[in-house]
Amino acid sequence: MNTVAGVTRAALRARRPQLWRLAGWSAAEAVPAALSGLLTARAVDDGFLAGRPGTGLLWLGLLVLAVLVGAAGTNRAYALLGDVVEPFRDDLLRRVVRGAVAGAAGGRADDAAVARLTHQVEMVRDTYAGLLMVVRGFLFALGAAVLGLFSLAAPVALVVAVPVLAGLGLFAAALPVMVARQREYVLADERLGRAVVTAVTGHRDVTASGARDRVTRWVGASVDTQARVERRLATMAATRGLSLAIGGWLPLPVVLLAAPWLVRQGLGPGAVLGALVYVTRGVQPALRSLVQGVAAGGLRFAVTLDRLLRAAGPATAVPPVARVPRPAPGPAAPALSLRGVTFRYGPHADPVLDGLDLDVPVGDHLVIVGASGIGKSTLAGLIAGVLRPQSGTVRVGGLPVAGATPIELADRRVLIPQEAYVFTGTLRENLTYLSTGLPDDAVDRAAARLGLTGLLARLGGHDAVLRPADLSAGERQQLALLRAWLSPAPLMILDEATCHLDPATEARLEGSFAARPGTLVVIAHRVSSALRARRVLLLDGGTAALDTHPGLLARSAAYRALVGYGAARTEPVTASPTPGRSAPLPSGSGHRSSP
């Protein structure tokens, strides 16, 4: 059911009660369309032409009442629209988010996911709402007009029905071509967007390599393609115009030409005038809104929704995963273990990590340092399972990260990135969603342990509603750290999670996390973090060194340069896996321990 038609039908079936209420108010909205011609005919034939103006005015007064009923129906119909449309939008957002997250977890970064979440999902929501109102209005307005025409005389209804059905048939026959051309337009627009983004983000490389003319021609070709597709799409306006002319305008001269014959059949002038009212005020506007609405919003809805569904993948429901832990590892299993891990950001790119081996025992406090862009955050992502290596294995608490479920990973590790995540919701919801059901007093004790009691009070307490834009970057980081502290996961991974805090606050929080039961891995923002660590891992391009801070000072020139030491011992230190001694990574890997 992962098709446009299937998803739309499912969305409509799920909102049947709301649709029935919408239909009821739509029927009220159609009352003027159903009665306008009939009341006009009665006012003319039985009132003004019969010499009884009072009777004519009375019929017109009834028409005014019908208009008031229709206005009330319109008001209520639009009010009910949100109850049908917003749940559809929410479901679509969930599909797109699941698809983007699944793609990122599989190593397939989707650079169009943000555009889909913001622009295309909102486009589908708006066009779905417009299409629903257009089709609803057409069905009820045309149905009301047809009933009114039959109430006047069956011959009038038949005269009008022939061109209307011809116009609708032509429009229906042209719809597949319209959808195909609209799809071409959307695809061309996406290709152009990707080409522009690629050219802009790589403009320095383009200039340095002298490829400006080549890239200009490449982007220009995408522009030309999009323009060509847009012109082809514009030609379909002629088909829409012909459909509207046949079904909406042709009935008018047909009724006028048939007027003498209709009068000879016994219809009065008022009935002919009423038929013209039904055509001009009922049939014609209904058909125009359908043709223009479906051609504009309907085609965009079908094509854009199809693109979203294809990108999001199958709409499989996510069943609740029971927290059934795998067999517990033996007592000797390290908190973290990497064997032969290689990762690169493209098939032809140099590896960021190459054959890395690393063991982090339970209770360790490891700080990872290195120059900017050397791969520290990449290593944090591999440890946390948000990135997958091209080769090698990563185990957290003895559990292979590859193939582990999100809940299994969440039970074992927490990753706090540099840009802390805080969502709109209460302070309690933000702090406890990794440890649901935690009482407020437990949160308060943890806040006191981290020195964050004042922050919670300043934000208004547990029931205060947080808005991310109202918080500073440092406040968001402190809330994310408190949330991680409350998590039951034994492994904490801080990826520059204190970069927006002052050194004293950073030292206090890192010290608290080091004293927390479990294992701590810190991607250092400041070199001072290495002074507090039990062991330090230095990433230095093709090599890696693992030791204590004094040990690395003694054995690594790169480390001395990083921490700002001009001179120190250069003789190697005997390797030892115990804290306080040098512990080189196994040789033979791409990231080797430096001598």
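This passage looks at the overall make-up of a predicted model and then at its salt bridges.

In this predicted model, local features need pLDDT of at least 70 and side-chain atom pairs count only at pLDDT 80 or more, whereas totals for chains, interfaces and linings use all residues. Numbering runs from 1 along each chain as its sequence is written, and side-chain values rest on heavy atoms, with hydrogens and water left out.

The chain has 595 residues, and 45% of them are buried (buried is under 20% relative accessible area, exposed over 50%, partly exposed in between, with a 1.4 Å probe and protein chains only). Its secondary structure comes to 21 helices and 12 strands, taken as DSSP runs numbered from the N terminus (helices are H or I with at least four residues, strands E with at least two). Among contacts (heavy atoms within 4.5 Å) with a separation of 6 or more, 74% are between residues 24 or more positions apart.

On to the charged pairs. Side chains of opposite charge can pair when their charged atoms come close. The structure holds 17 salt bridges, each a side-chain nitrogen of Lys or Arg within 4 Å of a carboxyl oxygen of Asp or Glu. One of them joins Arg 535 to Asp 364, at 2.8 Å from N to O. This pair bridges distant parts of the chain, 171 residues apart: Arg 535 sits in strand S11 (residues 535-540), and Asp 364 in the loop between strand S2 (353-360) and strand S3 (365-370). Both ends count as buried, Arg 535 at 5% relative accessibility and Asp 364 at 3%.

Glu 506 turns up in two salt bridges, one with Arg 526 at 3.1 Å, N to O, and one with Arg 532 at 3.6 Å, N to O. Arg 532 belongs to helix H19 and Glu 506 to helix H18, so this pair ties together parts 26 residues apart in sequence. With Arg 526, the link runs from helix H18 (residues 503-515) to the loop between strand S10 (519-523) and helix H19 (528-532), so the parts tied together are 20 residues apart in sequence.
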